[in-house]
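Here is a short tour of one protein chain, written for someone who likes cut-offs spelled out. Please keep the viewer open as you read.

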Amino acid sequence: MNDNALASRAQAEIEELHWFFVGWFSGKLPKDCFQAQFMDRFDPECLLMPPGGKLLTLEHFSAGVHGAHATNPNFRIVIRNVVLRWVFGRSEERRVGKE
């Protein structure tokens with residue numbers, strides 16, 4: 001796969017995941033789609049770094065998302081000017097190991 005194809009797939013994944021959030025938080029998606037449309041996107045060992053800077057395991061992050069189903073009927077996300085950056089190394093894992 002060349003860099004352009006990989007970048008296109010990455011942008012599509014970003015957009016699809018955020019459309020899931022819109023449907024989930026607004027209640028337009030049924031609760032039974034959570035596994036297929038959210039959980040199956042991630043490796044079980046995935047770590048997420050939200051803007052606050054505290055690492056979350058997939059278990060903790062997904063519990064919060066699951067519990068927020070249909071909590072904001074007017075929820076919207078706008079995605080524009082997507083910039084993909086290649087990051088090498090696994091500094092997050094090293095930092096987690098030191099906590």
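Is S62 buried or exposed? With a relative accessible area of 8%, S62 is buried; the term buried stands for under 20% relative accessible area, exposed for over 50% and partly exposed for values in between, with a 1.4 Å probe and protein chains only.

Before going further, a word on the ground rules. This is a predicted model, in which local features need pLDDT of at least 70 and side-chain atom pairs count only at pLDDT 80 or more, while totals for chains, interfaces and linings use all residues. Residues are numbered from 1 along each chain as its sequence is written, and side-chain values use heavy atoms, with hydrogens and water left out.

**Overall layout**

The protein has four helices and two strands, arranged along the sequence as α-α-β-β-α-α. Helices (H or I, at least four residues) and strands (E, at least two) are DSSP runs, numbered from the N terminus. Of its 99 residues, 21% count as buried. Contact here means heavy atoms within 4.5 Å; among the contacts with a separation of 6 or more, 62% join residues 24 or more positions apart. The accessible surface comes to about 7600 Å², and carbon and sulfur atoms hold 53% of this area. Such areas come from the Shrake-Rupley method with a 1.4 Å probe, and for residues only the protein chains shown count as cover.

**Helix α3 and what covers it**

S62 belongs to helix α3, whose buried residues are L58, S62 and V65. These three cover an arc of only 60° around the axis, so they sit on the same side of α3; the arc is that of the directions from the helix axis to the C-beta atoms. On the other side of the helix, E59, H60 and G67 are exposed. The cover over the buried residues of α3 includes α1, α2 (34-37), β1 (47-48) and β2 (56-57). Setting aside neighbours within four places in sequence, S62 itself is in contact with F34, F38 and M39.

**The nonpolar core**

A nonpolar core is a set of buried Ala, Val, Leu, Ile, Met, Phe, Trp, Tyr and Cys residues joined through side-chain atoms within 4.5 Å. The largest one has 15 residues, and F20, F21, W24, F38, F42 and V65 touch the most other members. Helices α1 (3-26) and α3 (58-67) each supply at least two residues of this core, with α1 giving the most, five residues. Beyond its neighbours within four places in sequence, F21 is in contact with S26, F38, F61, V65, F75 and I77.

**Towards the surface**

A10 is placed in helix α1, and its C-alpha atom is 10.0 Å from that of V82, 72 residues apart along the chain.

| Residue | Relative accessible area | Class |
|---|---|---|
| A10 | 30% | partly exposed |
| A70 | 41% | partly exposed |
| N81 | 69% | exposed |

W86 also lies in the loop between α3 and α4 (91-98).
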